[in-house]
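Thanks for coming, everyone. Please look at the screen, and I'll walk you through one model.

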Amino acid sequence: MNGKHIILAGGSGFIGSALTQRLLSGGARVTVLTRSDRIAPQAGVRYVVWDGRSRGPWTEVLEGADALVNFSGRNVNCRLTPRNKRELLTSRLEALKVLGEAVSRCRHEPGVFVHCSAVGFYGDTGRSCNEEAPAGSGMLADITKTCEAAINGMAFTDTRKVVLRLGVVFGREGGALPVLARLTRCFLGGAAGNGRQGVSWIHLQDLNRVFCEVLENAKLNGVFNAVTPQPITNAELMQTLRRVLNRPWSPPVPAWLLRTLSLVVGINPELILTGKRCLPTRLQQAGFEFEYQDLESALQNLLGVGS
């Protein structure tokens with residue numbers, strides 16, 4: 001990555017911030033396209049304001065860049081009001097459209113365009129899904145399918161296209177793990193609903209390695225499931241978390257109660273109550289090796305707990 005210029009669209013969140021640090025440590029220059037003009041400056045990072053909908057001065061930073069990574073879109077963990085449902089799709093499609101237009105207008109296109117999708121593409125399913133599995137049904141599946149179709153339809157001259165379908169990302173500073181660990185420490189670490197829903201997960205450190213692999217390896221294109229080879233169930237996740245944090249068994253939380261609580265705290269209960277068991281077949285075929293395949297060792301590392 002030394003000397004390369006990497007652009008992260010919508011890259012000021014949990015995953016984008018972690019990737020920024022990884023890229024900086026490898027000697028890259030990073031430009032973050034952000035809707036906020038109040039982000040504290042950081043050495044080696046240029047923050048450029050954009051609205052995620054229309055072309056403007058920000059498009060100039062794409063000229064001659066080595067890579068573009070797209071994180072843009074409203075957080076799916078929100079109350080599913082009609083307005084929020086519209087924004088979940090439009091915020092992604094508008095950003096994809098304007099990024100695609102900006103890339104196609106470059107005299108020297110970025111070498112690769114990486115779009116962050118999600119394993120929600122496969123819907124709520126108990127079957128094992130590799131990248132060849134068909135799209136599922138439901139709102140999140142429809143959103144990811146529509147967005148992936150948009151990027152597949154873009155015609156670039158020199159830009160390689162990669163779609164990463166992210167699973168649940170476990171990290172110290174954000175995402176689901178801090179919340180789950182806090183509940184478990186408070187003796188509230190029971191399974192959600194029947195606990196049988198699949199959880200396709202990845203350690204943040206491994207995800208950063210996946211990003212670097214697809215950015216640097218010019219042979220990689222198309223869709224990749226960015227998850228470990230060992231999907232689990234929600235019940236297994238919570239059982240392992242209790243064991244790592246030395247907490248006793250906790251009763252499961254009924255689905256109806258989770259849906260009721262979601263109305264109060266403004267979260268999307270379907271992220272908890274639905275699941276899928278995805279496999280990183282194409283990454284493994286490309287020779288990628290995961291450092292954290294075992295959930296218990298991953299949680300021990302992230303929570304600072306010894307074995």
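Start with Arg-247, which sits over the face of Phe-187, 5.0 Å from the ring centre. Keep in mind that this is a predicted model.

Stay with Phe-187 for a moment. Where in the chain is Phe-187 found? It belongs to the loop between helix 4, residues 177–185, and strand 9, residues 198–199. Phe-187 has a positive phi of about 65°, and it is not a glycine.

There is another residue like that. Asn-246, also not a glycine, has a positive phi near 55°. Find Asn-246 in the loop between helix 6, at 234–244, and helix 7, at 255–265. Is Asn-246 buried or exposed? The relative accessible area of Asn-246 is 66%, and the cut-off for exposed is over 50%, so Asn-246 counts as exposed.

Arg-165 lies over the face of Phe-121, at 3.6 Å from the ring centre. How many aromatic pairs does the count give? The count comes to 6 aromatic pairs. One of them is Phe-121 with Tyr-122. Their ring centres are 5.3 Å apart, with 85° between the planes, and that makes the pair edge-to-face. Phe-121 and Tyr-122 are both buried.

Next, the core. The largest nonpolar core holds 35 residues. Which residues have the most contacts inside it? Those are Leu-23 and Phe-211. Helix 5 gives the most, with 7 residues.

Helix 1 and helix 5 come up again at a pocket. I mean the second largest pocket, with a volume of about 230 Å³. It is lined by 14 residues, and the closest to its centre are Ala-18, Arg-172, Leu-204, Gln-205 and Asn-208. Which helices supply at least two residues each to this lining? They are helix 1 at 14–25, helix 5 at 204–216 and helix 10 at 295–303. Helix 1 gives the most here, with 5 residues. By class, the lining has 7 polar, 4 nonpolar and 3 charged residues.

Take Asn-70, in strand 4. Its relative accessibility is 1%, and buried means under 20%, so Asn-70 counts as buried. From Asn-70 to Gly-11 is 59 residues in sequence, yet 7.5 Å in space, C-alpha to C-alpha.

Then Pro-280. It is in the loop between strand 13, at 277–278, and helix 9, at 281–285. Pro-280 also counts as buried, because its relative accessibility is 0%. Along the chain, Pro-280 and Ser-200 are 80 residues apart, while their C-alpha atoms are separated by 9.9 Å.

Finally, Asn-152, which is in helix 3, residues 139–152. Asn-152 is exposed, because its relative accessible area is 53% and exposed means over 50%. Asn-152 and Gly-222 are 70 residues apart in sequence, and their C-alpha atoms are 8.8 Å apart in space.

Over to you for questions.

Technical notes: Residues are numbered from 1 along each chain as its sequence is written. This is a predicted model: local features need pLDDT of at least 70, side-chain atom pairs count only at pLDDT 80 or more; totals for chains, interfaces and linings use all residues. Side-chain values use heavy atoms; hydrogens and water are left out. On a 1 Å grid over the protein atoms alone, a cavity is a set of points where a 1.4 Å probe fits but cannot get out, and a pocket is an open set with protein on both sides within 12 Å along at least five of seven lines; lining residues have an atom within 4 Å of a point. Grid points are joined across faces, edges and corners, and a volume is the space filled by probe spheres set on the points. Helices (H or I, at least four residues) and strands (E, at least two) are DSSP runs, numbered from the N terminus. Ala, Val, Leu, Ile, Met, Phe, Trp, Tyr, Cys and Pro count as nonpolar, Asp, Glu, Lys and Arg as charged, and the others, Gly among them, as polar. Rings of Phe, Tyr and Trp (its six-membered ring) pair if their centres lie within 6.5 Å; planes under 30 degrees apart count as stacked, over 60 as edge-to-face and the rest as tilted. Buried means under 20% relative accessible area, exposed over 50%, partly exposed in between (1.4 Å probe, protein chains only). A charge sits over a ring if NZ of Lys or CZ of Arg is within 6 Å of the ring centre and within 35 degrees of the ring normal. A nonpolar core is a set of buried Ala, Val, Leu, Ile, Met, Phe, Trp, Tyr and Cys residues joined through side-chain atoms within 4.5 Å.
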